[in-house]
Amino acid sequence: MAKKSGRKETNEQEFQGQVITWLNTEISKRALGLDTATQEKPRKTSGHRSDMIVWIDRLAVLPFLAIELKTPTTPINDPAFFADALGKGRYWKSKYFALWNMRDFEVYETTITNPTPANAILRSTHPLALTHVDDWLKANFKKDLHEQAVEILDAAVNHNISGISNQRAIDPEIFVSRLTEDIGQLRTIFYKDLKKASNTDRKLRKKLKQIATEQGFEGFVDDIDYAIAGQIGYRFIGQILFYFALRRKIPALKELQVSPTDVLPAALKPFFDDVRRYDYEALFKPEPIEALVPVGKVAQAIIRRLIAQLAVYDWASLTDDVLGSIFEHLIPRGQQILLGQFYTPRPVADLLVASTIDGERPFVLDPGCGSGTFLMSAYSYLAYAANLSHKELLSIIWGFDVSPFAAELAVINLYRQDMAEYENFPRINVSNFFSRNQKDTIEFPASQAASGTQKVPVPIPQFDSIVGNPPYLRSQNQDDLDPDYRKKLFQSAVAAGFDAGAKTDLFAFFIYHATKLMKNGSRLGFVTPASWLTSDYAITLQQALLGTIRIQSVIASNAESFFPQVDVNAVLLIAEKGPKDAPDEPIRFVTLKQPISVLTGGNGEYWARVVALAQELESNVSVENEKYRIKLVDPACERKGLNDDRTKPRNWSKFLRAPLSYYSIFKDVA
Ligand SMILES: C[S@@+](CC[C@H](N)C(=O)[O-])C[C@H]1O[C@@H](n2cnc3c(N)ncnc32)[C@H](O)[C@@H]1O
């Protein structure tokens with residue numbers, strides 16, 4: 001008995017070995033985009049033979065098909081057989097799984113929600129007449145079994161290629177989790193490659209540090225390489241996902257297909273160049289960050305697999321809401337921090353927006369827009385206050401960012417505000433703010449461009465409002481800036497009429513340069529570190545804020561951090577550009593005692609409540625209550641103080657700290 005079962009086992013193993021040989025012959029002979037077929041250590045121990053797996057890339061652990069083989073005595077419709085096969089497919093995370101009892105076979109997709117026997121993508125039509133495992137050794141059966149093995153493989157391969165005819169609805173949750181997995185895998189690979197390359201390449205190490213410094217995350221993330229690797233991974237995934245989304249509205253775009261022998265990312269270029277005829281430069285223009293590490297074989301396999309997976313979905317029937325929510329959830333806010341992307345909490349951005357933007361069709365700019373927090377806030381505010389359409393809003397809301405990754409997120413975030421609109425071209429540009437000057441032109445699609453690819457040069461306008469949270473630089477990181485970039489910062493300050501001190505923080509240069517792009521009567525609303533209220537470098541800044549642009553308010557909070565992800569004491573600055581001889585208005589030093597979200601809570605329209613708070617804080621009298629303290633200070637007195645002693649800044653932080661009662665006791669303190 002024991003001998004007999006031993007013989008049977010041997011025969012099954014031998015048969016499996018034969019099947020692997022057949023499959024590998026097919027794979028190598030026919031350029032199927034597959035790597036190899038192998039026998040793997042089974043997921044269940046004791047009493048089970050090896051698992052048969054066909055791989056897209058074995059090195060990258062990208063399985064394609066898991067075959068559950070049983071002897072002819074197990075009926076094909078045995079529920080336990082199906083459950084075993086499905087379990088194996090899920091365990092290996094293979095795209096397809098198959099049941100085969102040497103008589104019949106069935107092939108399924110593992111990736112659909114809860115597959116059942118009704119979902120087979122192919123079943124054998126003619127059962128073979130084998131009754132015992134040994135029968136495979138007979139020549140006629142051997143030939144038939146060989147054919148069945150190839151049929152099983154072909155069923156999965158053909159379905160994979162032409163799955164488009166079998167398109168499926170998108171389940172956003174599964175979809176996002178799959179994309180997240182791909183991003184994670186790519187990031188791990190790029191991280192390893194970056195680390196390896198930078199260990200032996202000093203120039204690359206310097207470059208990575210510079211990127212982190214310029215994007216403002218040096219010193220704020222634990223691992224620069226990890227952040228940059230994530231940015232590269234996300235950029236690929238974001239581009240591909242966005243391409244599929246765009247094809248829903250621009251059918252002239254070609255179907256995104258890459259063959260197993262295509263080299264990536266080169267093979268993607270023609271597709272991405274095609275989109276750039278319409279717009280979306282911020283997403284599809286090749287950027288140096290993508291070329292920091294070569295895309296190795298494994299990463300290429302993941303990107304290829306992603307494209308193949310996305311192609312089987314029914315994009316045409318996908319609603320804008322569902323796609324919008326996929327984009328929204330693709331990178332959770334927490335992840336953005338690890339990617340070096342810091343963002344301002346929305347209530348903070350909203351208060352600055354409501355305090356800064358004015359007019360029926362104002363041009364608004366965030367010069368370092370990140371993922372677009374301020375731009376989305378401005379969009380929402382103007383949709384409420386000025387009742388403008390999506391297309392109109394996109395034409396007046398501008399964003400620059402040096403980081404292609406950030407700009408990509410900003411485009412996606414504005415784009416998804418109304419995906420039903422054909423003219424959906426956000427004015428986001430991957431730029432160094434200091435290289436952008438008024439009247440420079442940037443190509444954007446002409447109005448009514450949906451049917452064509454006409455682009456027109458649009459001059460950078462004078463802005464009615466400049467808002468944002470520009471990068472800060474710790475003084476110890478100043479030396480990591482590229483010397484040419486540093487030079488440019490100082491030159492831009494001079495060009496704007498300011499003599500910036502040596503230790504000037506990066507955000508102050510943003511203020512100086514912004515003044516050149518602001519209309520008379522326009523406002524600037526920035527989140528800034530509080531250092532300039534007292535630091536030496538701030539003399540020039542304080543002078544500027546009492547001259548070319550006039551400080552309206554400084555807002556601090558005792559109840560929350562305005563920029564919680566970064567260990568910096570932040571305040572809000574609101575300033576207005578006016579003619580030099582504009583009459584003085586008092587400076588308001590505001591200290592909030594409750595979080596902004598509490599101060600703007602209540603019933604009725606959200607924006608009406610935010611505007612009400614913004615107006616309340618522009619008080620023309622000093623006031624203190626349980627919500628805030630506002631201390632009014634005479635700018636003429638501060639100007640005189642700065643002129644009398646040009647070696648020291650004024651100490652403005654004291655106005656944010658002392659209770660109003662202090663001033664009535666020490667009348668001359670200010
Ligand atoms: C602190 S983040 C702010 C992001 C966004 N404004 C927010 O508050 O959510 C600063 C952004 O400025 C960008 N940045 C840094 N230097 C820049 C420059 N010279 N020109 C344009 N953008 C820049 C960084 O890439 C980063 O996305």
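Mentor: Helices (H or I, at least four residues) and strands (E, at least two) are DSSP runs, numbered from the N terminus. This is a predicted model, in which local features need pLDDT of at least 70 and side-chain atom pairs count only at pLDDT 80 or more, while totals for chains, interfaces and linings use all residues. Residues are numbered from 1 along each chain as its sequence is written, and side-chain values use heavy atoms, with hydrogens and water left out.

Trainee: In which helix is Asp350 found, and is Asp350 buried or exposed?

Mentor: Asp350 is found in helix α12, which spans residues 346-356. Buried means under 20% relative accessible area, exposed over 50%, and partly exposed in between (1.4 Å probe, protein chains only). With a relative accessible area of 2%, Asp350 is buried.

Trainee: Which side chain is joined to that of Asp350 by a polar contact?

Mentor: Contact means heavy atoms within 4.5 Å; not counting residues up to four places away in sequence, Asp350 touches Ser377, Trp607 and Val610, among others. A polar contact is a pair of N or O atoms within 3.5 Å; within protein, one must be able to donate a hydrogen and the other to accept it, and residues adjacent in sequence count only if both atoms are side-chain atoms. At 2.6 Å, the side chain in polar contact with that of Asp350 belongs to Tyr606.

Trainee: What distance separates the C-alpha atoms of Leu62 and Ala301?

Mentor: Leu62 lies in strand β3 (residues 62-69) and is buried, at a relative accessible area of 0%. Leaving aside neighbours within four places in sequence, its contacts include Trp55, Gln185, Ala301 and Arg305. Leu62 and Ala301 are 239 residues apart along the chain, and their C-alpha atoms are separated by 8.0 Å.

Trainee: How many residues apart in helix α3 are Lys143 and Glu147?

Mentor: A salt bridge is a side-chain nitrogen of Lys or Arg within 4 Å of a carboxyl oxygen of Asp or Glu. The side chains of Lys143 and Glu147 meet this rule at 3.7 Å, N to O. Lys143 is exposed, at 52% relative accessible area, whereas Glu147 is partly exposed, at 44%. The two are separated by about one helical turn because their spacing in helix α3 (residues 139-162) is four residues.

Trainee: Where is Lys391, the salt-bridge partner of Glu423?

Mentor: The closest N and O atoms of Glu423 and Lys391 are 3.9 Å apart. The pair links distant parts of the chain, 32 residues apart, with Glu423 in the loop between α15 (404-415) and β9 (427-430) and Lys391 in helix α14 (residues 390-396).

Trainee: How many salt bridges does the rule find across the interface of domain 1 and domain 2?

Mentor: Domain bounds come from an automatic or database domain assignment, which gives domain 1 (2-166) and domain 2 (172-463). The contact takes 15 residues from each of domain 1 and domain 2. The area buried between them, meaning the accessible area (1.4 Å probe) that two parts lose on being put together, summed over both, is about 1,100 Å², with 67% given by carbon and sulfur atoms. The number of salt bridges found across this interface is zero.

Trainee: What percentage of the residues in the protein chain is buried?

Mentor: The protein chain has 23 helices and 18 strands. Of its 670 residues, the buried share is 57%.
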